[in-house]
Structure formats: C-alpha cells, structure tokens
Amino acid sequence: MVSGRSKRRLVGTVVLALLAAGEARAQVGTDARDAAADTRAVTPPRLVKFAKAVYPPAAEQKQLEAEVVLALEIDALGHVTVADVVEPAGNGFDEAAQAAALQFEFEPARRNGNPVKSRILYRYAFRFEPTPAAEAPPAPSRIDGRVLDDAGEPLVAARVRLSSEGRAVAERRTAADGRFSFADLAPGAYRVQIESDGFTAFDTAESLAAEEQLEATYRLERPAPEDMVNIVVHGTRPQREVTRRPLSRRELSRVPGTSGDALRALQNLPGVARPPSLSGLLIVRGNAEMTTPVFADGLWLPSIYHFGGLSSVIPTEMLDEVNFYPGNFSVKYGRALAGVVDAHLRETREDGRYHGLLQLDLIDVRAVAEGPIPGLPGWNFIGGFRRSHVDAWLTPLLEGEDTQIKAAPVYYDYQLLADTRPTERSYFRIGVVGSDDRFRIIDASSATGGQISSIDSSWGVGTIYENSLSDQLSLELTTSLARLHQRFEVSTILVDTVAYGTISRSELEWRFWDRAKLRFGYDLLIAPYSVEGQVPDDPGPSAPAVGPFVTSPPRRFDESNVFFQPAIYGEFELSPSSRTQVVSGVRLDYTHDTGRFDVSPRLTARYELVQGFPGTTLKGGSGLFFQPPGLAEVVLSADQSLRSLRNWQNSLGVEQELTEQLELSVEGFYNLLDNLVTRRPDERGVLVYDNSATGRIFGAELMLRYKADERFFGWVSYTLSRSERTWIPGEPSRLFYLDQPQILTVLGSLDLGRGWEFGARFRYVSGNLYTPCTGGLYSALAASYQCLNGSINSERLAPFHQLDVRIDKRWVFDAFTLGAYLDLINAYNQSNPDFIDYNYDYTQSQSVTGSLPIVPSLGLRGEF
Amino acid sequence: MQRASELGALALLCGSLAGCGEGFDSPSKVQGLRAFAVRAEPASGVPGQSATLELLRGDRQEPDGAAEREVEVAWLGGCHAPPSRQFFDCYPLLVEIAKRLEPRVLDTPEARFPSGIFGSGDRFQIEIPEDVLERSPRLETDSVHFAPSFTFFAVCAGELVPRPELTDRVPLGCVSKSTGEPVSKDDFVIGFSTLYTLEGATNENPELMGLRFDGGLVTEASCELDADCEPLDGAPELEMACAPSSRCAPVVPACAEGCPGHQVLPLIAPESAERLPNEDHTEVVWANFFANAGEFGKEAQLVNDRASGWVSEFASKWKPPKRPGTARIWVTVNDQRGGAAWSTFDVIVR
C-alpha cells in the first residue's frame, strides 16, 4: 500500500535535501553532508513522513520567500529530536520550519544494518505562490502513480491517459521506474487509462478531493487474466468499519484446500470458526449460524454454498473482491447480528476483445465468456455457467441395497451480467444470477430415513447504478427481484418455502467538507412468501434430549405473508485531523413480522498513532446490531410477540505495519447479546418462545499478513475467544455449542517461477463442544433408546488439525493460457472427530469424523 | 429450520459416508435384558377410559434346558398432559411416587396408589383422565390437538429399589439380590411409554399378520416332540423341530463363515399405515429385528415412509450363530404415533 497525503493550500513549496543520501523529495536538492557519521559504513536516514510548515502570515502578506537550513538530530527510531536553525531567514520562517521539521519521521540511519542516531542538514524552502482569486478553483490536486507489470517490475513508456467528463486532460508516458505524474488537477472524477504493448488495457476511475495527492500503483495484466487481478491500491482511504479484511482474487483463488473457491477461503480469516462438516455455515466470532449474511453487490444471498460447502454459489471468476467485516460494520448493513460478507462482482473488461474460460475439477465444470455486446456500443457482458458432476461419483457411493437415488445430487449456477458507462461519471449494470441444488434419495434402512430430498433454488435479476453526480455528491442504487425456493424433507420433517424478494438499496454520499462526509441511504426488503411444512417440537436449547424426531408430534404450518423490512440510515464521517477518522451513524429498521422498530447507533474511530511507514493505527468501535427472529421462530411462536435479537458489539485494536509487505492486526472484541430467542416454560409450564436468552462473547484476533506481491502471499490468523449463553434467566451461563476457543490458520503461496506456484495451509481448531450422554432411556414410542443428557455442552471433541497443499502450474501460449492445479486436501490424512456416536443404549461411545480423508483434487483450466 | 438441514446433513453423513453405529454391536443382538416394545390397547387414549400397556421384553440366550432369568418389572404412571408435553416434566411426580415405595419396590401394594400410578408385571393399566385434552396446551401449529400420557417402567434382573434422590431421571434402581450392588447395564432397562389421546382422531396398532422365515409362514404351534411339528406353509423343505419353549421351530445349520443367512419377513397389512390427521400422507411405519443368538444384517427396516409411501422390500436376513442352540427372534412393528405389534419365534441351530 502506498500512503497518500493532502497538501494544504498555498503552503510554500517545500525543499528538502537529505544530507547523506542526497535523496530529494521536491524539486530542489541542496547540500549533502553528514558531519557525524562515517559515510562509508552508514546508510543515511530516509524521510518517510513529511510535515508541512505554515507559511508565516506576515511573510505571505509581503510575498516574501526564504530558505531555512536546519540541523536535525534523528534518533534510532527515526524521530526528530532536535531541529536547530543553522542558517536563519527571519520573518517567522525559522520557527515555522523548526515546528514542521520536528514532525518529520525518518527511516533511521543504519550502521552495518543497525539503526543508529544521526544528524543531518535540511534546507527548508518557502516559495510564495499568489493567492488565487475568490472564484478560482481549489488548490491543485495531483495523481502520482506507478505502473507495474504482473511481475512487479516497472513498465516503461506505458501510455497513461487522464480524462474527465469525457474530455482528455493530459497524457503521460511512464518513466524508467514506471512512474508518472499528473499535477495541478482540479478536484473531481477522473478516468485513468493505461496501455502498454503486450498487456491488457487498464481503465479505472479515480476521485480527487481538493488538495488530495493520490498515490496509486497500477498493475497491468497480461492477456491471461486469472493470476493478476487489477488491484488499485489507493492511498489512505477511510474505512467505515473497524475491521475490514479485503482479499484479492488471487488470494481467494489460490488458498490451498479450497479448490480455488473464494467464499470458502473466508474460513481462514480471524474470527471465523470451522463449521460442522457438511453444514455450510459461516460462523463468526462465536455467534450463531445464520447471523452473518453474505451480500453480492449489496444483495443478500440466502445460501452461499452448494451442498453444505462443496463450493460457493458464485464462482471466483465472477468476483472482484470479497470484503469480510467480522463486526462493528457500517450502518449501511443491517439485519445481521454478527458480521457481514460483501462480495463484489467484477466489472467487465473494456478492451474490446472476447475472452473465455473453461475449468474442470473434481467437483464441477465451469465456463465463463466475456466481451463486447455486438450492436450495443459501450456495452460489455460477462456470463458464466457451472454444473457439478458429483452425481457421477457420489451416486455409486450412496446407492446400495437400502438406498435408492431418485435424483442424484446436482448443482448448477449461472450468472449473466451486462454493463456500460453511460457517462464518465456513471456506471450501470444489469444481471441475472441463479443457482440450484437438489437431490432426492430414499434410505429404507432406518425409521428416521425414508425420502430425503432437498431443493435450494434461487434466481434473481438485479441492477446497479452508480453516479458521481458532482464532485461532492455520489449515488449508488441497487435493486433486485429474486425468487427463492427451498425445500427440505426427511421422514416426518418438511419445510417448503417460496419467496419473491424485492431488495432495493441506495446510498447518497455528500462530501460537504474536505474532512467530512454525510451518507444517507435506505435498505428495503419486501418479500411475499409462503411456507408450509412440519417440524418436530423443539423443547428448547436447555431441555433434555427428547428422542428421534420421527415420533415427535409434528408442528405443522402453512402460512403466507410478506417480509417487509424497510430501513433507513445516516452516517457522518469526520476526519478532524489527518490522523483521525470518526464514523458515526444510526440505522432505523422496521420489521413487519414483529411489528417493531429497532434503532442501531454505531460509532467507529481510527487514529493513526504513527503516520507514514511503518504506520500504526489504533481503531475501535461500539454499536448495536439487530437481527429479526428467524422465520421458523416467527411462524411457530404465532403470537408475534418476539423482538429482534440484539448484539452490542465493542472492539478495540491496532494495526501495525512491520515491513512494506508485512502488517500485523490485533483486535479485541466484547459482544453482549440479549433478546436472543429461546424456548422455555412459562408460568403455567407451557413451552413458549420468548426473547429472554442472553449471551456474552469475548476474545481477541490476530492477523499477521504478508500482502500479496508478485512472489508470495500468506497470513497467520489466530483467534482466542469464548462464547457463552444463558438460555433461561437465572440459570448459569453455558458455553455456546459453536464455541471454538482457539482457531489458528497458517497459509502461504509462493510463486516458484516458470509458471509454478506452491501453497500450503495448516489449520488447528479447538474441538467442537458436545453434550455427553450419561446413559440411555428406552422410549417405547420410538422403539429405541434416547440419550440421558449429562451437563449440556460440557465436553469437547479432540482438536481439529489439517494440512492442505496446493500446486499450480500455468502454461502461457500466444493465444491462450492453460493452467492446472492439484489441491491435496488433508495431506497427512488426519481423522478429525466431528461428533460422538453412541451405541444403541448409550453405554458405549466413539468419535466419528465427517471430514474427508486425504483427497487429491485436480483441476484444469484454459482461458483466452 | 436450519436444524432441519443439519439433520439432513447428519443423516447423509451417518447413512452414507461415515457410517454411524459402525464399530458397535448391532442393536439387534440381544446380549442382556432388553425391552423391545410397549403395546397399548387401545393404541390411542380415550378420555375417561383405561388403556392396557403390555411390555415385550427379552433376554440373552440361555443354554438349552436352562430356565430364563427371573425379572422384576415395575410401572410408574399417572403423568398425563404435562404442560411442556415432554416426558421429563414427569420427573417430579415420579420422585413423589418413589418416596412412597417400599425399599423393595415390588413389596409395595398396588392399592397404596390410585389406579394407573404404580404396578408390576408385563401388563399395566392406566386411566386416562376425562379432561386430559383440556389439560394439554393447545397450539395453533399442532396438526391435531393431543395430550400425551407418559408411563415409565423398569425391568430388572435383580431387585428393584426406589431412588427418590434421582430428580432428573426415573427414580428407580436395580440391585443384585445377593450383594445389594447395582447390576450391570445388561441386567437393567428403564424406559417409558407414550400414549397419545388425539382430539377427533385415533391411532391403531399396526397389523402384523405373521412372519415368513425363508419363505415359510411361521406358526405358533405348540409341541412336545419334534414329530408334532408340521412343515411351514411355503417352505416344505425346511426342517421343523420342537424347541425347549414347546413351540415348533425351524431347524437351521450353524453358520460358518460366509453363510448366506435366512430371510425374515414380517407380513404387515398396508392398512397399518394410517392416514395422518389433516394430511394426505400416511404415517411412518417401521420394523425392528432382534435375536439373542446370531445376528441380523439390518436391525431396522422402513415399511412405510410419509413421503414416498410403502416400501416394497423390508425383510432382514438373520445369520445363525456358530454354536448350536435355540435362538429366539423378535420382530416388532411400530408406527410414528405409538402403535406397536410384534411376533416372536424360536429357531433351532444345529
């Protein structure tokens, strides 16, 4: 990441000279002399953080210019401890220069590699520039950039064109170091287009505030698009959340053990627990399942994985970026108790050519096509289709004497997007996205078997419109209409839901001051639904086991209603200084199912304790997060007395840059939950649903990350946490069944050259909790024993640990690229327990693994 | 509803991938004292009327000529329509009953309690209160309003003793008559029966018309000599002999490695799968197979599925033991609302 800076208007031109190194950061070099150090053995200090001097008002009025030579003493940490005036200039220049120089920060001088104190001379020049007329545009902004190739090497003589509102502004050729610069720019929206022979044309939009100096690095990709995603690295941009963990497509597609699946890679981030096998759940910071929604371009995805986690419903090739917010996220998002995942589908390429991709692996086959739409100038499309072929190998595995495959397990998904830029300031996309999973088998070997069938199908049409209405105003609008059909049936359980959801979100951002923004938005969900089915009666989370569901009298429902959940929000972002950013917001949600309003005030703040490199940022947040009760709870409670579940999230952390590529993030969190839905006896002893359960989750997360460069990416993530619930007021709190105190992931991927890449991932996770059975009680109704519960969630399975390795090889030909990978899952064939199995009368037990044995997953991929 | 998905995942996982229950002895293998079923007559309660519960139990194989073990059976009842409709709400009542039992439970006179509260033996009569349906909470989402009556029982190859200090389970224990120490798990079974009283609906016990053993219709003919036993209808080639229980029994060779086994097929009337109240579907019906020698390939077989209907094939194969003797085979049929039926026969292994 390259840091950005803003200059204040009409501060005199700064002239800086580094004595020993002679490295000039401005236009005038000056004396170079280091009186204290032996230059033959010393690396000079290097300025990494510059501070502006205030132009003395009296001197400015008289249009005086001056140069002040300072002697600076820099300690071994790079801080300026002394700034003596060697050559004074008077008229207030000396004091101004001294004050500014004391805020400088350096990479310290080194002797034989070790940081040492040093003393250097500076010449601080004040150059007067006329005050612009009142109607003159704001002080110039600038873009300083660097263009690199996919190996990270500078691209020489690349053509960089800058335009605004359809008009060319300037054009540059990159220098030998790949750098270019556009100075004296008015604030506003710009389009940056870069071309270089042998590389795909690059096109991006940038927005410049007054006095903003944007430093950006652009990577141009070769025609093979998969490896090097266009990653625009901006200067410091405000984060609206305390912790956002963006992952680039390269990282997402190369994480070992995920077969290149982007959303499965999320499970390697801090705070994300290992879900039970085949559950397909996303469990964040000790919260319950289904409390971290996943959005694709702002639209909610009801199911993110095919068949409980085989792969995600949106292929990696269609994604640009996945942002994961483990907590304390913006008021833009709601109806989520834990975190948020916001995936961004990628924009089409605008190089005027057609591209295609075909991939085959153990699970599925997929194809992607992309290019301009004939007859529609300015329009491009990207379309993808994927179908599993697990039916080919899973069917024989499942089919047996007592099992009939009525419909083999199959999934498919598809995406078709078309986009255009109606104007320089706007972007429009329309798309269709859908997925379908289904299977039907009959298992006659037990009373609880019978027909087991599942349908999880959805499709939707959505649009996205973005417009930078002016330099201060921008607008986002997303709308979608989707149909969702979920059906699950096993023996006496049936749930069949059909919903037609209209989701609309919009946000207007108003930058009314250089240091402040206001955002207003709405987030509307209207979904007529019908749900029918029957489920066994659930006596509640603290009740003893009640035996097989097949003999539990079913509770039946057949209801049609409308999810109507509108929300509005406002957010104020303030940067009172260049170090500080505070985002406060409030969100108002209405839930028709409960007839209640929820108000969610939220506050986050970031403070750059140390600016520049190596930067240190403190961050923290606090806020309320609500989530309406689940459909089943609403339907079964019938009296609509339930309220939304509430989580008061608090977090505090620090981000520390260690090297240019290595950064460390440590964050503590403390969540207080209440209004959790439970089922317990009322005063008559009748079991009722209510919101009386509470909980507490606290812990710390650590992430040591090597940011992706041309050779390597990787990270170490570790979470230490505890998650407790009190299901019935007055009862002692218990560990939540998804509590996983320790989660460690170490992964990395190294480019070996010649198209080879090797990656490995190791995971260690505390074992899942379970409730032991202390014996069996024979139920004549079920003709079987049922567990006599011991203390609930009092035992823990053995820890989970697993190593996955991945090898990629890519061959680049003139017209296309061919790739292959081998994902070796569970490389040392560890058998990790997933649950405890008991014999028929609960007098013997053994652990059972649901995870796969060593599995080599081979994939082939061709693209042009 | 997420839990439903989890159940499905678990079902798939258990049924197909990992194999739950593998590594344990099959539940069909009877190696100690076991309860197999409780049949109520009538199979659903009628307010204000009584119902008779009958316990089917079994025990390990004894050497030919040896008497079966003496067993004590006690019943604790009177728990009708607890507010939660769950059996564990009955524990406080059971504790109160246990406090009034004699130190040797079966010494307690049944007259100490009102009818349907305490009893002994394989049969027990309970009284359904007139207002049982009114007592039960009425929930909109119930497919039919119902009231459960829970009756608990203990089967002990020793001496039953009260354990009123056990407040979270059935407060009865079983000790050795000779040592007074608790008996092993194979000598003590504790369980409960659920009888539903349904509003505007009834349930019938499944109709088990008979059993076929290797195609032959098993009879309950009594005998004194082998010559008293006729060949089975449908399997004239099957040798028959008189078992120590004085019932005619098929004779099969002991099973060496790789023997094919003998098919046991319950003959169940399709009408046993009754239509569920307020639903087009029929109830789940299944069969369980038990033997105190040898082993069944499948201990349970679905007979009727709610969604896919009648299962065409629900026999199970029994593999005789390696050692000669007389094996007892129990086949029970259950429905999802508490109905039960059973049949038992012996097989002589030579």
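Strand 45 (residues 773-779) of chain A pairs with strand 9 of chain B in the parallel sense, over 2 bridges. Strands pair if DSSP finds at least two bridges between them. Strands (E, at least two residues) are DSSP runs, numbered from the N terminus. A:Tyr778 stands opposite B:Gly191 in strand 9 of chain B.

This is a predicted model: local features need pLDDT of at least 70, side-chain atom pairs count only at pLDDT 80 or more, and totals for chains, interfaces and linings use all residues. Residues are numbered from 1 along each chain as its sequence is written, and chains are lettered from A and ligands numbered from 1 in the order in which they are written.

**Contact between the chains**
- In chain A, 67 residues are in contact with 60 residues of chain B. Contact requires C-beta atoms, placed from the backbone, to lie within 7 Å.
- The side of chain A that touches chain B has 37 nonpolar, 22 polar and 8 charged residues.
- Ala, Val, Leu, Ile, Met, Phe, Trp, Tyr, Cys and Pro count as nonpolar; Asp, Glu, Lys and Arg count as charged; the others, Gly among them, count as polar.

**Domains of chain B**
- Chain B is divided into domain 1 (34-198) and domain 2 (208-349). The bounds come from an automatic or database domain assignment.
- The centres of domain 1 and domain 2 of chain B, taken over C-alpha atoms, are 27 Å apart.
- Domain 1 of chain B gives 18 residues to the contact, and domain 2 of chain B gives 21 residues.
- On the side of domain 1 of chain B that touches domain 2 of chain B, strand 1 (34-41), strand 2 (50-58) and strand 9 (188-198) each supply at least two residues.
- Strand 1 of chain B has the largest share of that side, 5 residues.
- By class, that side of domain 1 of chain B has 10 nonpolar, 5 polar and 3 charged residues.

**An open sheet in chain A**
- Four strands form an open sheet in the order 12-11-14-15, with antiparallel pairing.
- Strand 12 (167-173) and strand 15 (202-208) of chain A are the edge strands, and each pairs on one side only.
- The twist averages 25° from one strand to the next. Axes are lines fitted to C-alpha atoms, and angles run from 0 to 180 degrees between N-to-C directions.
- Strand 11 (residues 159-164) and strand 14 (residues 188-195) of chain A run antiparallel, joined by 5 bridges. A:Leu162 stands opposite A:Val192 in strand 14.

**Strand 52 of chain A**
- Strand 52 (residues 855-863) of chain A runs antiparallel to strand 24 (residues 355-360) of chain A, with 4 bridges. A:Leu357 stands opposite A:Glu863.
- Strand 49 (residues 817-825) of chain A also runs antiparallel to strand 52 of chain A, with 9 bridges. A:Asp823 stands opposite A:Ser857.

Conventions: Two residues are in contact if their C-beta atoms, placed from the backbone, lie within 7 Å.
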